[in-house]
Structures are given as C-alpha cells and as structure tokens.
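Hi,

Here is the model I said I'd pass on.

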Amino acid sequence: MDTTVKAPAPRADKPSAAAYRNLVVATVGFALTFWAWNLVAPLSGEYKDGLGLSSFQQSFLVAVPVIVGSLGRIPVGALTDKYGAKIMFPAVSALTIIPVLLLIPARDTYWAMLVVGFFLGLGGTTFAIGIPLVNSWFPPSDRGLALGVFGMGMGGVALSGYFTPRLANHFDNLPNFVVAGALVVFALLAAVMLKDRPDRAVPQDSLGHRLGEAGKLRVTWELSALYAIGFGGIVAFGVYLPTYLKTWYEMSPTEAGTKAAGFALVTVIFRPIGGWLSDRIHPAVVTATALLICALMAIVQAFDPDLNPLGTIALLVMAAGLGMASGSVFALVSQVTPQPKVGSVTGIVGAVGGLGGFVPPLVMGAIYSAKDSYSIGFMLLSDLALAGAVYSYGRMRSLKRDA
C-alpha cells in the first residue's frame, strides 16, 4: 500500500509573474498621479490667506480637479478598453506633468488656479486605466485582493497631504518639481514594463456605443451610488480634511496635513482588506458592514468631540470603513461585469465615485460659511452611509458571485 503523501496540485488559475508585475507598476503609477491630482488641497489654507478667498471659494478651488478627474474617467475607461493600459497609462501620466508645472506661474491668481486645476484633474483618471488592467490579469478567486492592492494607490492623497506642505516649507515650487520628475520617470518605465493581457477582448464598436451599453446596465448605477459614498468619502476627506482641521481645531497647515495623511493612510490599508474579505464573503455584506461603521462614526463626529482622543478615533475608524467599502464595491464590479466592458463600467462607476468627493467639500464649506458649524455636514454623511448599507445588504446580496 502506497502511503506517500502527495503534494497538492498547483492551482491552474494561479496569477502569473506578469500579473504581479503589472499590478505593482500600475499601483505605483496610480499613487503618483493621485499625488499630482491632490497637489492643491494640502496648501489650500495658504492659498485662501494669500488670495483672500472665502470658505466657498477655497472649497471650489480644491474641488475643481476632483470633478474633472472624476468625469474624465468615463472616456478614459472606454479608451482603455479599446487601446489598452500599455498606451493609456504612460500617455496620461506624461500629460499630467503639464498642469503640475503650470501651477507654479498660476499660484498668484485665483482664476488661473481654477483653469490649471481643471487640467490637473487628468491625474485622477488613471483609476479607470488600472482597474481593467488588473482585472484582466487576475483570476476571480484573487481579483478582489488584487483590485484592493491596486486601490492602495489612492495613498497618493496621503503622500500629498504629508509631503507637499513639508516640501513647500523648503521652497514654494519644490512639490511641483518633485512630482513632475517622478511622473517623467514613471511614464518612461510604464511604457516599457506594462503589458496588456495578450488574449484580452478588444471591443470593435464605437466609444459612444460602449458607454451606452455600460450605462444600460442597472448594476452600473447601483455600484456607482455605493462607490460615491465609499470612495467619494475618501476623496472628500482627502481634499477637505486639512481645511476642516485647520478651521475647526485651529491646527497649522503642516499639522493638519499630517493628520489628513494619517486618515488617508488608514483608507489605503483597509482597501485591500475590503477586497480580501470580498473574496471570502459576499462583497455586498462587506460593503454594508463598512458603510454602517462610517454612519456611526459620522454621528460621533457631528457632536464636535475633542480631537484627542475621541475625534481622532472616530475619524480613523471612519477611514477604515470607507477604505473597506471602496475595496468591496470594486470586487462587485469585477464579478458582475463582462471583461470587455470592465473599462467602460469602471469609468462610469469611478466618475460617480469621484463626483461623490466633489460635492461634500462644497457642502461643508457652504454650511460652515452659513452656520459656523460642520455638524450638519457630518449628519448628512451618516444618513447617506446608512442608506448605502441598507441597500447593499438588502438588494446587492442577490447578485450571484459567478454572474
């Protein structure tokens, strides 16, 4: 009788070395372009003081790159379906260098800052390039975690919050030169190292038709609404938290930027955790749990607790919930979207998610200008997060994992 213990057979769908290489390169590029996308927010307090801006004008200045980067994901995602990430990632990264450098001569004029901020939004579109790339290279059993790891590139917001004000303390234009130089290096490396999956399906129909077909899917808009709460909350806090901490808790720009970077770092860490959990539990359940956590912490913060320790705990736990929700929503996208449409659906979902980050800074700024309080804004966030949790658990659980 043969008692030899045989080693388990290797998984047939194990990700290849090329899959991991593409994941790493795409994640680095995502982080760098997100840093560029968020160059204005960490210094918005100084722009407000230097240009004599109102709270609403300051919020609008911060929000312009957000809305442009969000809407830009729609065509960029569809173009990625057609031309592939190997072309789109280096091209968009290289083009982002232009507004990064144009911020230097524009910094003394509000309208010039708005115009450059419009083009700076290009940096926020790379999300719609990386998702279909990573989705195509990884099997379904590992896709949630892989997409969550790619989502860690949103840590570029944390990099910006921490390093931008510190670099600016040495030399006003130093952040722009550092980011522009990093983008030059990345664009060159990406052109060499990124590879599209050889057997990927290339759509033959027009851009408008692909977007129209993606827009007809009910799940596109359901996922968009959930992502607007999760990722939109991350973007909103990434761009507005320094202002909130500086205004309400009277912190210096550097200290506020450091705290905001800590918030962003927590969202980065918990995004792949949300994806990993979604590979093992239905992602709708993960999303519902994460959004419920956000709702509870937003209520706590609405009562204006002292920052140490209760306010800090509430904000960091909220960050964990938002990060988990962002990872789990895109685990749903990967499961229910046909591969040739992933870029188009990702573009729409990512656009709505980014728009979810555009509205809160404007609302918070307007409410503070009118009521001298942020409590109403946090209560609105809690209501939205609770609604998303209920809908995700009640409706989205019916989606099959192998759809």
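Val359 sits in helix H16, residues 342-371 (helices are DSSP runs of H or I with at least four residues, strands are E runs of at least two, and both are numbered from the N terminus). Val359 has 44% relative accessibility, so it counts as partly exposed; buried means under 20% relative accessible area, exposed over 50%, and partly exposed is in between, using a 1.4 Å probe and protein chains only. From Val359 to Phe60 there are 299 residues in sequence, yet 9.6 Å in space, C-alpha to C-alpha.

Before I go on, a word on where this comes from. This is a predicted model, in which local features need pLDDT of at least 70 and side-chain atom pairs count only at pLDDT 80 or more, while totals for chains, interfaces and linings use all residues. Residues are numbered from 1 along each chain as its sequence is written, and side-chain values use heavy atoms, with hydrogens and water left out.

Now the whole chain. Its secondary structure comes to 17 helices and 0 strands. Along the principal axes, the C-alpha atoms fill a box of roughly 80 × 45 × 45 Å. Buried residues make up 58% of the 403. If you take contacts (heavy atoms within 4.5 Å) between residues at least 6 apart in sequence, 86% of them join residues at least 24 apart. The chain exposes about 16000 Å², and carbon and sulfur atoms supply 70% of that (Shrake-Rupley method, 1.4 Å probe; for residues, only the protein chains shown count as cover).

Next, the H5/H6 pair. Helix H5 (residues 85-106) packs on helix H6 (residues 110-120) at about 175°, with the axes 9 Å apart. The axes are lines fitted to C-alpha atoms, for helices over the stretch in contact, and angles run from 0 to 180 degrees between N-to-C directions. H5 and H6 are therefore roughly antiparallel; the cut-offs are under 35 degrees for roughly parallel, over 145 for roughly antiparallel, 65 to 115 for roughly perpendicular, and oblique for the rest. H5 brings Pro99, Val100, Leu102, Leu103 and Ala106 to the contact, and H6 brings Ala112, Met113, Val116, Phe119 and Leu120. By class, that contact has 10 nonpolar residues, no polar and no charged (Ala, Val, Leu, Ile, Met, Phe, Trp, Tyr, Cys and Pro count as nonpolar, Asp, Glu, Lys and Arg as charged, and the others, Gly among them, as polar).

The buried residues in H6 are Tyr110, Met113, Leu114, Val116, Gly117 and Leu120, and they pack against H1, H2 (44-51), H3 (55-71) and H5. As for helix H7 (residues 127-137), 11 of its 11 residues are buried, so H7 is largely enclosed by the rest of the structure.

Thr27, in helix H1 (residues 17-37), is buried at 15% relative accessible area and touches Val149, Phe150 and Gly153, leaving out residues up to four places away in sequence. Ser382, in helix H17 (residues 375-394), is buried at 3%. Neighbours within four places aside, Ser382 is in contact with Ala295, Ala298 and Ile299.

Cheers
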